[in-house]
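I opened the model to look up a few helices, packing and contacts. My notes follow in the order I took them.

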Amino acid sequence: MGSGTSTRHHFAFQNAERAFKAAALIQRWYRRYTARLEMRRRCTWSIFQSIEYAGQQDQVKLHDFFSYLMDHFIPSSHNERDFLTRMFTEDRFAQDSEMEKCSDYESIEVPDSYTGPRLSFPLLPDHATALIEAFRLKQQLHARYVLNLLYETKKHLVQLPNINRVSTCYSEEITVCGDLHGQLDDLIFIFYKNGLPSPERSYVFNGDFVDRGKDSVEILMILFAFMLVYPKEFHLNRGNHEDHMVNLRYGFTKEVMNKYKMHGKEILRTLKDVFCWLPLATLIDEKVLILHGGVSDITDLELLDKIERNKIVSTMRCKTRRKNEKQMEKGKANRKSSAQEPIPWFLPQSRSLPSSPLRFSSYKAHKTSRSSSIPCGGCLDRRELSRQVRSSVELELERCRQQAGLLVTGQKEEPSRSASEADSEAGELQKPTQEEWRQVVDILWSDPMAQEGCKANTIRGGGCYFGPDVTQQLLQKYNLQFLIRSHECKPEGYEFCHNRKVLTIFSASNYYEVGSNRGAYVKLGPALTPHIVQYQANKVTNTLTMRQRISRVEESALRALREKLFAHSSDLLSEFKKHDADKVGLITLSDWAAAVESVLHLGLPWRMLRSQLVNSSADNMLEYKSWLKNLAKEQVSHENIQSSLLETLYRNRSNLETIFRIIDSDHSDSVSLDEFRQTWKLLSSHMNIDITDDCICDLARSIDFNKDGHIDINEFLEAFRLVEKSCLAGDTSECPQATNAKDSGCNSPGAC
């Protein structure tokens, strides 16, 4: 008996030992498996982010290029100056006083056949919920109601401060949402899961409502409607994509024109004004600061709360006042501050008339005395000075009435002044200082970093990287608990950093690809403890396993990366040859990784990615010419285009489309002869090419393949392809880069 019992215990012990070893083995295998999946996920994430930020750099560089041309181009007439200013700067839309009047949208008739939602003002909660249901069913809001809603939205935004103050005392909790980027499904899912806005349920949406997604218009209409229904419980912050210059590249401008072909230009013009009136930040209980991008070591909330935010029409370029003008205003401000007590930054700032109209008259007289039409040493006539003082005060009164949402009645114009002069001088008053512009750029474009300090954000091309010390300094200065920002897509939809003092919230799920990331929003109660809710708006994602989801996203990322590599095939070939000293057509995989990074500058782990991008080869060597040919075979083309031409189109298509939309200043989806002529005069002056108007007309006619008198986007891209083909064929006489000013003629497009 005793022997049998001991034997059973011995077998039981052996079985338990085997079970523990099996459990340890399974655990070790699972940890390795999840670690490999996580490594693949991180590599995939790095690919998507690097390509996205590279596109933002291209946008900034392209706009800087045109800004440089504008700054160094001397127009030959006032019309030419006005046209080019409207084309390449903030004044892309001709000023129309009628836009301020209700008659703009009241004159638009809604046909009886229209079955979409209808709005009447003041809006009721049922109107906002009806919009959600209509957009869910793919119905479109009529242009009349869109313009009416935008007009009422602007009237409301003008009355708001730069930094909204929200209290948890008046609602059970406040929900903060991040970037939506035109993804309507995410917004509907948030309202479904968290509840519709109400007096008991406040919302703060932290910018980047538009671009990239296909439903940006619908998102704006829903957000603006709820803001008008619940002005005290529903708040919007401006993001870096609430910018009409950024919209040219990332799809929102195109979306508006496609959905509203007849009234798209009026809608875009109104949206430009609405965007620049959006508040810059929101403060909850004076303890939690919500802004879109981040902060910098020079962020000044007092200054941000006092600037006229509508002056920052676009963060892509700073149109600043001249230095001596700013010094004069600074002196005025110092004298004013010495005469009265400063107003604390956290109190609402008055937007009524300035205390001293002479400030603007002095500024105006000083500006005019430096005009090129008046000798430097001359004195202004007393009557002229009086006229300018009176005119500047009238302009300021009109501007304040517009900010207050009042309709401007007809006023008498000075007989000696043209309307264009008055508009241009009024525009001069709206120019921000360099410091004001930098403050806004920093809070809309910046990103946090793990290192201490503050440095330029060269990856995005705008804003800065700020470290934990910068965050702590700002929190201590203004007695804040933590910051909530958006601006960056995160795999889990949120991320804490800087000792949990900075919370990033991103609400667009599946941003890069289905399964790439979750969306999230954060709820704050009276204790201001963040409660984060994650979600996936796409039902397909919930049916996929983790491995299937990562494989699907990885495939999409690698496809985008191969397109990027193919677009730089010529540069890669040149770089590979530098590593091929013996000219045998082979390089090591280490040299391949170094060469690819030196060309693309994406900062990716190429050694880890080479197994997916490069076929295994003997002796750790790569035949790079064959590898480049295989890249070309993977790119699908509907035309018989040689590889080098297709490479150039892949590399430049996004920039070419952006250039086309910049030239197409009236958003008609086609470039007129006048727009084309003015643009070519600008470019030819930069390239020192002597080109006549007749030659430009011949060039425009040669690009207008269907002979309808306009150049559309397809004709624009086709002309680029044909010119590039002639250059690659070696016929330098037809290549614009090889054209000489002396032998330029009008017989061929290339020669012009």
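This is a predicted model: local features need pLDDT of at least 70, side-chain atom pairs count only at pLDDT 80 or more; totals for chains, interfaces and linings use all residues.

Next I checked the length of helix 5, which runs over residues 143-158. At 1.5 Å a residue, its 16 residues should span 22 Å, and I found the end C-alpha atoms 22 Å apart, which agrees.

I then turned to nonpolar packing. The largest nonpolar core has 61 residues, and Leu141, Phe205, Met221, Phe224 and Phe234 are the ones that touch the most other members. I looked up which helix gives the most to this core and found helix 7 (residues 216-229), with eleven residues. I also noted a second, separate core of 36 residues, with Trp45, Tyr512, Ile587 and Leu622 among its members.

I listed the contacts of Phe205, leaving out residues up to four places away in sequence. Phe205 touches Cys177, Leu180, Leu187, Phe191, Leu223, Phe234, His235, Leu236 and Asn237.

My last entry concerns Thr175, which I located in strand 2 (residues 173-177). Is Thr175 buried or exposed? Its relative accessibility is 0%, so I count Thr175 as buried, the cut-off being under 20%. Not counting residues up to four places away in sequence, Thr175 touches Asn194, Ser202, Tyr203, Val204, Tyr521, Val522 and Lys523.

Conventions. Residues are numbered from 1 along each chain as its sequence is written. Side-chain values use heavy atoms; hydrogens and water are left out. Helices (H or I, at least four residues) and strands (E, at least two) are DSSP runs, numbered from the N terminus. The expected span of a helix is 1.5 Å times one less than its number of residues. A nonpolar core is a set of buried Ala, Val, Leu, Ile, Met, Phe, Trp, Tyr and Cys residues joined through side-chain atoms within 4.5 Å. Buried means under 20% relative accessible area, exposed over 50%, partly exposed in between (1.4 Å probe, protein chains only). Contact means heavy atoms within 4.5 Å.
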